[in-house]
Amino acid sequence: MVKQLPTPAAPLKIGTRGSPLALAQAYETRKRLADAFDLPHEAFEIVVIKTTGDDAALIAKDKPLKELGGKGLFTKEIEEQLLDGSIDIAVHSMKDMPTLQPAGLLLDTYLPREDVRDAFVCLKYTSLAEVPAGAVMGSSSLRRRAQLAVTRPDLALAEFRGNVQTRLKKLEEGVADATFLAMAGLTRLGMIGQVPATPVEVTDMLPAVAQGAIGIERRGDDSRVADMLAAIHHRETGQRLAAERAFLAALDGSCETPLAGLADLDGGTLRLRGEVLRPDGSEAINDDQSAPVEDGPALGREMAAKLLAQAGKGFFDWRT
């Protein structure tokens with residue numbers, strides 16, 4: 001039994017970035033909490049917080065994320081308000097989250113995962129295979145750029161940032177011939193069919209760790225919120241992300257290494273696929289293993305160790 005459920009007069013405050021996708025994720029969280037406790041939506045207040053990563057000037061620069069400050073660009077200000085009590089929970093796209101949280105915060109609640117695949121977005125062609133040599137692919141993702149450099153070294157790459165609308169406008173202006181988005185984002189925005197997007201199978205482009213998942217962060221000492229979030233936590237998504245994020249943490253944990261990882265469940269068995277690449281596409285190493293679900297985090301760490309050993313001396317020298 002949850003003590004002191006929120007009310008319209010004393011709402012639970014949900015912190016989020018202000019992008020259309022971030023708001024859609026916050027609204028989904030509000031709906032799930034309201035439904036779980038039979039409360040009106042007014043018992044939950046959406047608090048929009050501008051992060052450094054939302055700075056239009058930074059987005060316009062089309063620089064790699066690592067040069068702008070890493071994944072913390074999208075979380076720092078939100079987590080500060082969570083720590084000082086200005087908000088009660090924070091809603092995040094899990095693929096944007098560092099593997100470590102600030103002291104006092106916990107990230108242990110996940111909503112059901114959406115489509116994990118990448119989406120090929122282009123005004124001229126319906127698949128990457130149709131794109132002619134020399135065409136410009138726009139992406140700010142180190143992973144996608146490295147994967148493209150492996151599979152299509154005949155294409156040119158350009159930095160490409162912004163939300164769905166911004167990227168579509170850039171395509172119309174000819175900044176690039178095509179780009180990639182996450183299918184999950186398009187689905188949550190209700191834009192499937194409105195955007196010229198084609199799903200890319202995970203066998204062709206392994207997705208980012210935690211792609212398609214929404215995470216909810218809270219203060220570690222807030223038992224009231226913990227009890228509420230337990231009612232909407234999706235156990236299977238949590239099991240999958242435990243393995244993927246253990247893999248990420250053991251390999252790097254930042255945005256500086258092109259890597260991909262995906263865990264799937266089949267009954268009591270968890271299958272984990274992982275990949276790490278050189279940014280220029282000159283080398284890609286991968287692995288595919290299975291283990292009991294409860295051993296998922298250990299499998300993630302073991303796979304990371306195996307790939308690190310396989311990469312050998314000098315593989316990560318470019319980072320320095």
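The buried residues of helix α1 pack against β1 (12–16), β2 (44–48), β3 (89–93), α7 (183–188), β10 (214–219) and α8 (223–230). The model is predicted, so that local features need pLDDT of at least 70 and side-chain atom pairs count only at pLDDT 80 or more, while totals for chains, interfaces and linings use all residues. Residues are numbered from 1 along each chain as its sequence is written, and side-chain values use heavy atoms, with hydrogens and water left out. Helices (H or I, at least four residues) and strands (E, at least two) are DSSP runs numbered from the N terminus; contact means heavy atoms within 4.5 Å; buried means under 20% relative accessible area, exposed over 50% and partly exposed in between (1.4 Å probe, protein chains only).

Among the buried residues of α1 are L23, Q25, R30, L33 and F37. Just after this helix, D38 takes a positive phi of about 50°. D38 is found in the loop between α1 and β2 and, at 72% relative accessibility, counts as exposed. Most residues other than glycine have a negative phi. A210, in the loop between β9 (197–200) and β10, also has a positive phi, of about 70°, although it is not a glycine. A210 is buried, with a relative accessible area of 1%.

A nonpolar core is a set of buried Ala, Val, Leu, Ile, Met, Phe, Trp, Tyr and Cys residues joined through side-chain atoms within 4.5 Å. The largest such core holds 27 residues, of which M94, F247, L270 and L272 touch the most other members. Two or more residues are given to this core by each of β4 (105–110), α9 (235–251), β11 (259–266), β12 (269–277), β13 (284–292) and α10 (296–311). Apart from it lies another core, of 21 residues, including I46, V91, I216 and L229. Residues up to four places away in sequence being left out, F247 touches V209, L272, M303 and L307, among others.

Helix α9 also holds E244, which is buried, with a relative accessible area of 0%. A polar atom of the E244 side chain lies 2.8 Å from the backbone nitrogen of A263. Beyond its neighbours within four places in sequence, E244 is in contact with R113, V209, A210, G261, L262, A263 and L272.

Note on methods
Polar contact = N/O pair within 3.5 Å; in protein donor to acceptor, adjacent residues only side chain to side chain.
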